[in-house]
There are 2 protein chains.
Amino acid sequence: MKRKGVLLVISGFAGTGKGTLVSMLLEKYDNYALSVSATTRKPRQGEVDGIHYFFKTRDEFLKMIEADELFEYAEYVGNFYGTPKEYVRSQMERGKDVILEIEMQGALKIKEQFPDALLLFVVPPDADTLEQRLKGRGTETPEIICKRLHRAVEEAEFIKQYDYVIVNDKIDECVEEAHAIIQSEHYRTMRNMEFVEKLQKDLAKFQQK
Amino acid sequence: MKRKGVLLVISGFAGTGKGTLVSMLLEKYDNYALSVSATTRKPRQGEVDGIHYFFKTRDEFLKMIEADELFEYAEYVGNFYGTPKEYVRSQMERGKDVILEIEMQGALKIKEQFPDALLLFVVPPDADTLEQRLKGRGTETPEIICKRLHRAVEEAEFIKQYDYVIVNDKIDECVEEAHAIIQSEHYRTMRNMEFVEKLQKDLAKFQQK
């Protein structure tokens with residue numbers, strides 16, 4: 001079977017370790033590529049165009065929206081951020097499983113446009129663990145922590161729209177689970193219709209016998 | 001997450017080695033159980049009731065049909081064969097992934113009644129390999145081989161109704177693939193709604209804060 005990449009969307013509550021999961025997948029296995037976002041934000045020190053972001057002027061970005069070249073986009077603190085289709089598609093053609101680490105609203109927009117996308121949601125083992133992890137970081141004020149927990153309550157309503165739920169209890173196991181799920185998805189019938197149709201045609205020669 | 005068993009339906013053309021796949025899964029891993037069929041056929045030497053089949057009289061079998069106790073059934077050379085729901089369900093409750101090795105028509109009937117069932121279809125790498133394997137057995141007449149190949153042509157039309165397609169090129173790899181697919185399916189959101197709903201309720205306490 002010819003192996004085409006899968007488009008992966010990974011989301012999760014703040015504090016569930018989805019960033020770590022994504023980094024570890026990229027580091028450990030060579031079948032993954034991270035989607036590169038386009039933004040109108042100015043590059044920061046050390047950021048490279050085409051690696052960290054595709055840096056665009058506001059005009060260029062608006063033209064991309066116009067030409068339907070983005071899977072989804074949003075404005076945040078005065079800057080546009082979006083997911084260029086072209087980069088994702090070319091990586092998938094090369095056989096890479098492309099990871100998009102985006103929040104829920106963007107994720108559901110992707111699924112609408114691209115039903116073959118695989119949506120993974122990372123959760124903590126339970127609510128108390130989530131609270132402890134957010135507090136344990138020691139970097140956020142109690143107000144921010146409270147906001148994040150409220151946000152988690154809202155987001156939890158939409159988990160059922162994701163294809164898979166992965167519990168991040170121990171990060172190493174979580175990485176293995178996510179990888180196994182993604183690799184298994186390559187065998188889904190809908191992802192192998194080319195092969196199935198070829199086999200079907202190929203078998204038809206026996207009908208003449 | 002509480003682990004409930006998955007109902008697996010494994011089909012494939014005659015000569016693709018699905019019987020070997022099933023035997024190897026059962027031998028290698030302890031999470032599988034084979035579904036036991038009910039039949040009105042008389043026990044053969046060495047066959048044990050409840051292990052090889054549930055042996056039933058014609059009257060008992062008709063009562064099982066009446067009481068909707070079978071997922072599917074068919075009559076073959078004057079005898080009834082069917083899949084009792086009760087046995088499958090009790091094994092799944094115990095956490096076993098229950099394997100049904102049945103032909104396509106039965107498989108699609110199961111999916112209708114039990115949409116959570118996972119349907120796997122085993123295929124050869126290509127049509128010529130299938131022909132060679134059937135001939136290589138040396139046990140069937142050319143007429144039978146011809147019949148089986150015609151049957152494969154018909155069955156190929158329905159592959160797209162299966163969830164996954166597994167190519168049996170090397171049987172060891174095929175077993176590993178099938179096992180990985182089945183284990184990954186346990187993380188499907190729809191199979192973990194109890195956990196998701198519990199987490200949702202659990203998180204709701206933060207709304208009061």
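Entry 1: I started with strand 3 (residues 38–39) and strand 6 (residues 79–84) of chain B, which pair in the antiparallel sense over two bridges. For the terms: strands are DSSP runs of E with at least two residues, helices are runs of H or I with at least four, and both are numbered from the N terminus. Two strands count as paired if DSSP finds at least two bridges between them. I looked up B:Ala38 and found its bridge partner in strand 6, B:Gly82. B:Gly82 turned up again as the bridge partner of B:Tyr73.

Before going on, a note on what I'm looking at: it is a predicted model, where local features need pLDDT of at least 70 and side-chain atom pairs count only at pLDDT 80 or more, while totals for chains, interfaces and linings use all residues. Residues are numbered from 1 along each chain as its sequence is written, chains are lettered from A and ligands numbered from 1 in the order in which they are written, and side-chain values use heavy atoms, with hydrogens and water left out.

Next came strand 5 (residues 70–76) of chain B, which runs antiparallel to strand 6 and is joined to it by five bridges. Their hairpin has two residues between the strands, and B:Val77 takes a positive phi near 45° there. On to strand 4 of chain B: it pairs with strand 3 in the parallel sense over two bridges. B:Thr39 stands opposite B:Phe55 in strand 4.

So what order do the four strands take? I wrote down 4-3-6-5, an open sheet with mixed pairing. Strand 4 (54–55) and strand 5 are at the edges with a single partner strand each, so one side of each has no neighbour in the sheet.

I also found helix 3 (residues 85–93) of chain B lying across strand 4, strand 5 and strand 6, at about 30° to strand 6. (Angles run from 0 to 180 degrees between N-to-C directions, and axes are lines fitted to C-alpha atoms, for helices over the stretch in contact. Contact means heavy atoms within 4.5 Å.)

**Entry 2: the parallel sheet.** Chain B also has an open sheet of five strands, in the order 2-7-1-8-9 with parallel pairing. Its edge strands are strand 2 (32–34) and strand 9 (164–167), each pairing on one side only. Neighbouring strands here are turned by 30° against each other on average, direction ignored. I checked one pair: strand 1 (residues 7–12) and strand 8 (residues 118–123) of chain B share five bridges, and B:Val9 has B:Leu119 as its bridge partner. Helix 7 of chain B lies across strands including strand 9, to which it runs at about 160°.

**Entry 3: where the chains meet.** Helix 7 (residues 171–185) of chain A packs against helix 7 (residues 171–185) of chain B at an angle of about 115°, with the axes 9 Å apart. A:Ala180, A:Ile181 and A:Ser184 meet B:Ala180, B:Ile181 and B:Ser184.

How many residues does each chain bring to the contact? I noted 44 from chain A and 44 from chain B. I also found four salt bridges across the interface (a side-chain nitrogen of Lys or Arg within 4 Å of a carboxyl oxygen of Asp or Glu). One salt bridge I looked up joins the side chains of A:Asp128 and B:Lys205 (2.7 Å, N to O).
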